[in-house]
Amino acid sequence: MTLRTIKTALAATAILGCAFTGMTMADPVDEPMVIDGQNITIRAPAPEFLKGVLPEVLSGWLYRDEDTRKMELDDFDNPGIIYADRARDQWEVVDGTEGKACVSCHESPEAMKGLRAVTPRVDPDSGKLMNIEAYVNKCRTERMGAEAWGDKSDHMMDMLALISLQSRGEIINVAMDGAAAPFWEKGKEIYYTRYGLLELSCANCHEQNNGKYIRSDHLSQGQTNGFPVYRLKDTKITSAQGRFVGCVRDTRAETFKIGSDEFNALELYVATRGNGLAVEGVSVRH
Amino acid sequence: MKRQIVLGMIISAFSAGVAMAEVAPESVAYTDGAVAQSLTGTAGNPEEGRKAMVDRGLGNCVACHKAEMLKDQPFPGDVGPTLDGAGDRWTEEQLRGIVANAKMTFDGTVMPAFYKNSGYIRPGDGYTGKAAKEPIAPILSAQQVEDVVSYLMTFKE
């Protein structure tokens with residue numbers, strides 16, 4: 001995939017993105033998500049710990065307008081797929097002092113199938129909480145002798161897209177017990193803390209008020225099964241933690257950093273709120 | 001020339017006097033959520049109140065509230081109830097309390113407190129995501145609260 005193709009695609013979506021802002025959106029729809037003949041579970045009974053809080057869990061896709069939804073249903077229309085294609089090339093690029101590429105250890109991106117559905121998770125060897133970005137940078141620094149990629153760098157976002165896509169349709173099953181329990185508890189506490197001058201928690205918007213509008217935004221449950229997300233508004237891909245930064249900033253708060261202990265724990269906790277939903281791969285939101 | 005200088009001094013002394021009469025956020029007295037005393041002693045200006053209610057950097061009330069009086073605003077939210085008839089339902093004192101700190105009227109409400117300057121968790125500097133600079137200014141000034149209240153008093157059915 002050449003850079004030019006990406007730029008053209010981006011320009012097109014930038015224009016569309018603006019058009020969407022002028023449209024009225026409907027309540028969460030009840031529609032199936034079928035991509036390439038594959039049925040993606042975007043509506044499921046709530047996990048046990050959310051019984052009495054949310055009747056069922058719903059993907060943010062169900063809250064978006066029709067045009068945005070449609071874009072995700074066809075990989076030719078989904079601008080996020082371009083990023084994954086770019087990472088496919090990167091898979092073979094040798095980098096670092098060890099003279100290695102991803103392909104030196106992992107035959108193909110397909111070898112990553114399933115990972116997205118169970119991360120973040122506590123690595124049994126190191127006891128560290130790992131998301132996909134952490135695994136990628138561990139390989140780069142420890143196995144390739146290369147520099148870590150930045151949390152929002154193009155390379156990292158591309159790779160996140162490619163690795164997530166390998167698990168498209170797989171049901172999210174992120175562990176919250178055992179070694180994950182302390183991280184989960186910490187993430188939960190953050191989820192219910194009312195930050196900033198507006199004193200709003202994740203729960204205030206996504207648990208208490210999902211389905212309502214906050215200005216022109218239709219509040220979803222704030223699920224992360226769709227991540228990474230191609231945002232029409234930003235004309236680029238965003239990770240789950242990148243989204244958290246935006247949400248916390250909107251409460252007029254000092255945000256946490258991507259990759260901080262706080263956001264790592266929060267990413268784990270929010271992921272478990274979506275256990276039962278399927279990985280979308282690279283989703284499209286406005 | 002001399003007369004002008006003297007006049008200027010009188011005016012600034014006067015405005016300093018007004019500023020001192022302002023009730024600081026930490027000194028606002030709530031009774032059952034209501035605030036009896038004006039925060040400034042200067043009557044609110046409804047037009048300014050309207051501006052504060054729609055400006056994203058100020059009250060941004062339309063993020064959560066619809067109202068006939070605000071129907072020219074695109075995409076009002078519906079997290080809060082419609083404000084139609086708010087001036088019938090509530091007294092001026094009650095509205096002052098709701099705007100200054102709605103949590104004193106509605107326990108645990110999602111509605112932000114607009115006249116408060118402490119007790120925050122990770123307060124930010126506007127919408128920058130960076131830490132707030134001390135001392136923290138309340139989201140609305142005392143006079144803006146009075147302005148908003150005077151505008152809300154015109155929300156009659």
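Hi everyone, let me start with one pair of residues: B:Lys103 and A:Glu199 join their side chains in a salt bridge, 3.6 Å from N to O. Please keep in mind that this is a predicted model.

If you sort the residues on the side of chain A that touches chain B, you get 10 nonpolar, nine polar and eight charged.

Now for the area. The size of an interface is often given as the accessible area lost when the parts come together. For chain A and chain B, about 2,700 Å² is buried between them, and carbon and sulfur atoms account for 53% of it. As for residue numbers, chain A brings 27 residues to the contact and chain B brings 37.

Let me stay with A:Arg215 for a moment. You will find A:Arg215 in the loop between β7 (213-214) and β8 (217-218) of chain A. Its phi is near 50°, a positive value in a residue other than glycine.

Next, let's look at chain A by itself. Chain A has 11 helices and 11 strands. Its radius of gyration is 18 Å, close to the 19 Å that the globule rule gives for 286 residues, so chain A is as compact as a globular protein of that length. Along its principal axes, the C-alpha trace of chain A spans about 55 × 45 × 40 Å.

Chain A is divided into two domains: domain 1 covers 11-78 + 171-285, and domain 2 covers 81-165. Their centres, taken over C-alpha atoms, are 23 Å apart. In the contact there are 30 residues from domain 1 of chain A and 20 residues from domain 2 of chain A. The area buried between these two domains is about 1,900 Å², with 67% given by carbon and sulfur atoms. On the domain 1 side, A:Phe183, A:Ile237 and A:Ile258 supply 24% of the area buried against domain 2, more than any other three residues.

What about charge between the domains of chain A? Between domain 1 and domain 2 of chain A the salt bridge count is zero, while five residue pairs are in polar contact, both at pLDDT 80 or more. Two elements of chain A give two or more residues to the domain 1 side, β10 (236-238) and α11 (261-273). Of these, α11(A) gives the most, with five residues. By class, that side has 16 nonpolar, 11 polar and three charged residues.

Over all chains, the structure holds 22 salt bridges. One of them pairs A:Glu56 with A:Arg43, their closest N and O atoms being 3.1 Å apart. A:Glu56 lies in strand β4 and A:Arg43 in strand β3 of chain A, 13 residues apart.

There are also cis peptide bonds to look for. One runs from A:Thr119 to A:Pro120, with omega near 0°, and A:Pro120 is in the loop between α5 (115-118) and β5 (121-122) of chain A. Another joins B:Glu134 and B:Pro135, with omega about -10°.

Definitions and conventions:
Residues numbered from 1 in each chain as written. Chains lettered and ligands numbered in written order. Predicted model: local features only at pLDDT ≥ 70, side-chain atom pairs only at ≥ 80, totals over all residues. Heavy atoms only, no water. Domains from an automatic or database assignment. Contact = heavy atoms within 4.5 Å. Buried area = accessible area lost by both parts, 1.4 Å probe. Salt bridge = Lys/Arg side-chain N within 4 Å of Asp/Glu carboxyl O. Polar contact = N/O pair within 3.5 Å; in protein donor to acceptor, adjacent residues only side chain to side chain. Helix = DSSP H or I, 4+ residues; strand = E, 2+ residues; numbered from the N terminus. Nonpolar A, V, L, I, M, F, W, Y, C, P; charged D, E, K, R; others polar. Rg over C-alpha atoms; globule rule 2.2 N^0.38 Å.
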